[in-house]
Amino acid sequence: MNMPVEKSKVSLLIPCYNGEKFLKQCFHCILQQTYNNVEVIIINDGSTDRSAQIITSFSEPISQRGYSFVYLSKNNGGAASAVDLGLKYVSGNYLMLYDVDDILMKDAIKLKAEFLDNHPEYAMVRNNGYYVKAKNLKQNSYLFIRNKKEKQNESIFEDILYGKTNNWTGTYMIRSHHLFNHIKDKSIFISPWGQNIQLMLPVAYHYKSGFIDKPLMRYVDHGSSVSRTNNPWRELELFDGYKENRMEVIRSMDIPESEKQNLYKKIDTLYKHIRLRWASQYNKKDILAQEFISLKKDGELTWNDHIYYYFGKNKRTSSIYQRVLYLVKMMHCIFYKCEGKVLRHDPLY
């Protein structure tokens with residue numbers, strides 16, 4: 001029996017590096033989707049495990065499902081470079097990224113595609129989801145977004161840029177031609193610090209974004225992602241990398257130069273606040289003083305900056321203050337059941 005094929009094609013872009021542990025689950029999620037017009041583009045980013053064999057073994061099941069299947073292989077260059085290659089092969093009306101280790105609900109593609117079909121005024125749509133631990137994938141305790149204002153906001157450019165809302169792969173779908181109208185040669189800035197904002201920011205700047213208040217994916221925390229580290233200097237490197245990523249994406253966007261300069265300044269200020277907080281936490285006095293003086297010179301000091309600065313100057317008071325902050329944060333998580341939200345709003349992604 002032939003399945004009805006929807007008018008709008010969805011291109012599902014999947015970068016993969018050493019994902020053999022997750023690929024079967026990934027393809028299972030794809031095969032159970034209730035939407036029939038899908039183009040699966042998977043990019044093997046120089047995997048050294050059995051990823052290639054597993055991917056090719058699913059070519060036939062994917063084709064039998066009625067989906068087109070594009071398998072690309074390249075030397076390792078990071079997820080952004082894999083996405084950049086995959087974009088050249090996109091032929092769908094809509095575009096969606098998907099990480100191999102996350103979980104899509106069966107209506108994830110259908111509901112977003114239907115939303116865009118029915119709401120031509122939006123160029124992008126996002127959905128809610130669950131933040132789960134790898135050891136218990138079915139414990140749906142923490143929703144991505146609980147705040148009503150965050151759900152209703154249709155102009156999300158600054159929210160994405162400043163880490164006020166999630167940009168996770170699998171939570172959004174974009175109209176392909178709206179994206180390609182605003183990036184050159186179907187190419188994005190290739191960064192080791194992520195790839196989602198490269199696609200979302202150009203669209204969010206020029207167009208409105210919708211929201212589906214239904215959990216359509218599970219974001220799986222394995223405790224070993226690029227944004228998780230117990231090394232303070234690695235943490236600082238991540239902050240600097242995410243700042244660079246944002247700067248370069250803005251630099252590549254087709255917006256007025258005066259607006260770019262304004263956004264550069266805001267991004268720079270954001271990460272000065274973050275570096276100051278980091279220096280206070282780890283009692284790095286030189287960086288603490290440097291960022292405090294710089295923010296004061298710019299007229300950007302906040303009350304939080306003053307608190308971080310004065311507590312951070314002394315190792316003992318810094319330790320006490322950080323413990324208090326940790327307890328407050330954990331109580332907030334327990335009371336609101338929003339661990340994912342708290343982690344997401346820390347701009348470590």
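The following exercises, each with a worked solution, concern the predicted model shown above.

Residues are numbered from 1 along each chain as its sequence is written. In this predicted model local features need pLDDT of at least 70, side-chain atom pairs count only at pLDDT 80 or more, and totals for chains, interfaces and linings use all residues, while side-chain values use heavy atoms, with hydrogens and water left out.

**Exercise 1. The chain as a whole**

Task: State how many helices and strands the protein chain has, and what percentage of its residues is buried.

Solution. Begin with the definition: helices (H or I, at least four residues) and strands (E, at least two) are DSSP runs, numbered from the N terminus. The protein chain has 15 helices and nine strands. Next, a residue is buried under 20% relative accessible area, exposed over 50% and partly exposed in between, with a 1.4 Å probe and protein chains only. Of the 349 residues in the protein chain, 51% are buried.

**Exercise 2. Helix 9 and helix 10**

Task: Determine how the axis of helix 9 lies relative to that of helix 10, and which residues make the contact.

Solution. Axes are lines fitted to C-alpha atoms, for helices over the stretch in contact, and angles run from 0 to 180 degrees between N-to-C directions. The axes of helix 9 (residues 196-206) and helix 10 (residues 232-252) come within 10 Å and cross at roughly 40 degrees. Angles under 35 degrees count as roughly parallel, over 145 as roughly antiparallel, 65 to 115 as roughly perpendicular and the rest as oblique. Helix 9 is therefore oblique to helix 10.

Contact means heavy atoms within 4.5 Å. Helix 9 contributes I197, Q198 and L201, and helix 10 contributes N245, R246 and V249. Finally, consider burial: nine of the eleven residues of helix 9 are buried, among them I197, Q198 and L201.

**Exercise 3. Aromatic pairs**

Task: Classify the ring pair of F115 and Y122 and that of Y131 and Y219.

Solution. A pair of aromatic rings is described by the distance of the centres and the angle of the planes. Rings of Phe, Tyr and Trp (its six-membered ring) pair if their centres lie within 6.5 Å; planes under 30 degrees apart count as stacked, over 60 as edge-to-face and the rest as tilted. A search of the whole structure finds 14 such pairs.

For F115 and Y122, the ring centres are 5.4 Å apart and the planes stand at 40 degrees, so this pair is tilted. Both F115 and Y122 are buried.

For Y131 and Y219, the centres are 5.9 Å apart with 15 degrees between the planes, and the pair is stacked. Y131 belongs to strand 6 (residues 122-133) and Y219 to strand 9 (residues 208-221), so that the pair links distant parts of the chain, 88 residues apart. Y131 and Y219 are both buried. Ring pairs also join Y131, F144, W168 and Y219 into a cluster.
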